[in-house]
Amino acid sequence: MSTDSVQDGVVVSMEYTLHVDGELLDSSEGQGPLQFLVGYGNIISGLESEMMGMKIGDSKDVVVQPADGYGEFDEEAFMDVPRDQFPKDMKLEVGSELTVRDNQDNARMAFVDGIEGDTITLNFNHPLAGDELRFHVKVVALREPNDEELSHGHVHEAGHHH
């Protein structure tokens, strides 16, 4: 297998920055390059597809539309929950991030959108839903995955959790 460019099944190490509305939201600076296995949905599809064919040392600006990023903003993705559904000692304030389990016992991220009396309004949209994502990416290394990475479909980095 050739690992001279970004393609399915190759582990890519990339340096990146992410800007939304002109504001730097995320960067690999200070935490080392992000590694990901191509073709397994480990990074958002709109970025991955744009990186195909890049070689080591290549850099690129990629603009990802919401549909290929974290989805469109869903006006329906709000839920009112009575205060007594939450643990008493849980600090609830607008902007707090919570993990909520749905009826199928799947954990979902939610943010406290508003608090009115004893009613808490939760927003289940991803914080970047509806946003245009502006990435600057640079490929710094390419390699073949090891067997464990291939069988799991993602990279195992020591002490690095995204």
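I started with the sheet: four strands make an open, antiparallel sheet in the order S5-S8-S7-S6. Strands here are DSSP E runs of at least two residues, numbered from the N terminus. Two strands pair if DSSP finds at least two bridges between them. S5 (78-82) and S6 (97-101) are the edge strands, each pairing on one side only. Neighbouring strands are turned by 45 degrees against each other on average, direction ignored; the axes are lines fitted to C-alpha atoms.

The model is predicted: local features need pLDDT of at least 70, side-chain atom pairs count only at pLDDT 80 or more, and totals for chains, interfaces and linings use all residues. Residues are numbered from 1 along each chain as its sequence is written, and side-chain values use heavy atoms, without hydrogens and water.

Next I checked S7 (residues 107-116) against S8 (residues 119-123): five bridges, antiparallel. Phenylalanine 111 stands opposite asparagine 123 in S8.

Then I turned to the second largest pocket, with a volume of about 280 Å³. A pocket is an open set of points on a 1 Å grid where a 1.4 Å probe fits, with protein on both sides within 12 Å along at least five of seven lines; lining residues have an atom within 4 Å of a point. The volume is the space filled by probe spheres set on the points.

S6 supplies the largest share, four residues.

Methods:
Axes are lines fitted to C-alpha atoms, for helices over the stretch in contact, and angles run from 0 to 180 degrees between N-to-C directions.
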